[in-house]
Amino acid sequence: MTKVFNIAVIPGDGIGTEVVAEGVKILKQIQQLDSTIKFQFTHFPWGCEYYLQTGKMMDDDGMERLAKFDAIYLGAVGYPTVPDHLSLRELLLKIRVGFDQYVNLRPVKLLNGAPCPLKDKGPKDIDFVVIRENSEGEYAGLGEWFNEGTPDEYVYQIGKFTRKGTERVIRYAFELARAEGRKRVTSVTKGNALNYSMVFWDKIFAEVSKDYPDIQANQLMVDAASMNFVLHPERFDVVVTSNLFGDILTDLGASISGGMGMCAGDNLNPEGTYPSMFESIHGSAPDIAGKGIANPIAEIWSAANMLKHLGLKHWHDKILQAIEVLLLDKQTLTPDLGGNATTSQVGDALCKILTTL
Ligand code: NAD
Ligand code: IPM
Ligand code: MN
């Protein structure tokens, strides 16, 4: 029997459109190879160019329309002539928060054949998952601007950390550790300086960890965690952290596991009340947009994660296996990985490898 999956595709801006095309190419290839699967793609032209034409980042009924899909596949958002704090809040963050995608799951996994800047570290040392709180915290968008334009100008940027929001994401991290046979959860905070938000988070982490005596609970300050991402990545298994710290740490995570072109991120609504969204963690990369040289692996990995979420883990595993074959072969790599292939040549090569697995 054929299973039909309805996927909302939002390519977005810059290299988002280029890498999403390759992800869709891979999904179409899988549909060719597996007659039990059918994807129905609906493309939405939302993003900064749409904003420049219409004054809106997405249509007014956009969230209602997206709510009906099995999953959302997103490229990247951001354009040099549109202020980021407007464009991102009106599209990317609107979906993350509006669909209560409170878990941002970002694997930090060095694949076989991927470049690593760390001396003496390999795939066995770099294999962990960052669980970033994705619905509140420092990204709550709260604050105020006082005395604008005067010498006494100042602002408040307020973080909002709720018990419910903090507890559920920490619990998710422990449950994930259990489900995946991982041994340790490290909470990354900054309780020595942030005397409300992070003291609160640390307290809730201590409470929740008591329910998981089989998992080692560990705590680190974000500055020390940054150091250990570089010096001792093998010490991490599952990391749980706040919205802002998770954002920063996962670019560092990407850098030790092949670079920005290699890292995927899932925005999950674990209860399934709303669709989850899958995207690479990189942005629209205006510096290379339009040149056809963006690495599509991160976005293809995101497509693989979407398949896992849809109950097709075997295809997730095959895509990752195909990426490893491509990396080890070294013949079809984009410039960020030291090659001279184009974005679409990488997509084509992966489609071909998939036929052989
Ligand atoms: P970026 O991730 O777009 O780029 C950082 C660097 O990494 C650039 O040098 C870029 O060329 C390189 N890079 C990124 N992805 C790559 C890929 N697939 N292949 C090869 N090289 C790649 O970050 P930025 O430059 O700080 O942001 C650009 C825009 O994207 C901004 O508007 C920003 O707000 C936005 N942004 C959006 C998202 C998102 O939609 N999820 C994420 C991050 C940044
Ligand atoms: C990411 C991005 C976004 C974030 C920005 C563009 C708002 O950096 O997905 O990592 O900070 O979450
Ligand atoms: Mn980021």
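How many of the 7 residues of strand 4 (residues 103-109) are buried? The legends below begin with the answer. This is a predicted model, in which local features need pLDDT of at least 70, side-chain atom pairs count only at pLDDT 80 or more, and totals for chains, interfaces and linings use all residues. Residues are numbered from 1 along each chain as its sequence is written, chains are lettered from A and ligands numbered from 1 in the order in which they are written, and side-chain values use heavy atoms, with hydrogens and water left out.

View 1. Strand 4 is mostly covered, with 6 of its 7 residues buried. Buried means under 20% relative accessible area, exposed means over 50%, and partly exposed lies in between (1.4 Å probe, protein chains only). Strands (E, at least two residues) and helices (H or I, at least four residues) are DSSP runs, numbered from the N terminus. Strand 4 pairs with strand 5 (residues 127-133) in the antiparallel sense over 7 bridges; two strands pair if DSSP finds at least two bridges between them. In this pairing, Pro107 stands opposite Val129 of strand 5. Strand 4 is also joined by 3 bridges to strand 11 (residues 264-268), and these two strands run antiparallel. Here Val103 stands opposite Leu268 of strand 11.

**View 2. Asn269 in a loop.** Asn269 lies in the loop between strand 11 and strand 12 (276-280). Is Asn269 buried or exposed? Asn269 is buried, because its relative accessible area is 2%. A polar atom of the Asn269 side chain lies 3.0 Å from the backbone oxygen of Asp100. Such a polar contact is a pair of N or O atoms within 3.5 Å; within protein, one must be able to donate a hydrogen and the other to accept it, and residues adjacent in sequence count only if both atoms are side-chain atoms.

**View 3. The surroundings of ligand 2.** Ligand 2 is surrounded by Leu88, Leu92, Arg96, Arg106, Arg132, Tyr139, Asp247 and Ile281; a residue is counted as near a molecule or strand if one of its heavy atoms lies within 4 Å of it. Arg96 has a polar side-chain atom 2.7 Å from an oxygen atom of ligand 2. For Arg106 the corresponding distance to an oxygen atom of the ligand is 2.9 Å, and for Arg132 it is 2.7 Å. Taken alone, ligand 2 exposes 320 Å², of which the protein buries 76%. Accessible areas come from the Shrake-Rupley method with a 1.4 Å probe; for residues, only the protein chains shown count as cover.

**View 4. The surroundings of ligand 1.** Of the 22 residues around ligand 1, those that come nearest are Val77, Asp84, Gly283, Ala285 and Asp287. An N or O atom in the side chain of Glu279 is 3.0 Å from a nitrogen atom of ligand 1, while for the side chain of His282 the distance to a nitrogen atom of the ligand is 3.3 Å. A polar backbone atom of Ser284 is 3.1 Å from an oxygen atom of ligand 1. On its own, ligand 1 has 810 Å² of accessible area, and the protein covers 71% of this.

**View 5. Leu310 between two helices.** Leu310 has its place in the loop between helix 10 (297-309) and helix 11 (313-329). With a relative accessible area of 16%, Leu310 is buried. Leu310 and Asn295 are 15 residues apart in sequence and 25 Å apart in space, C-alpha to C-alpha.
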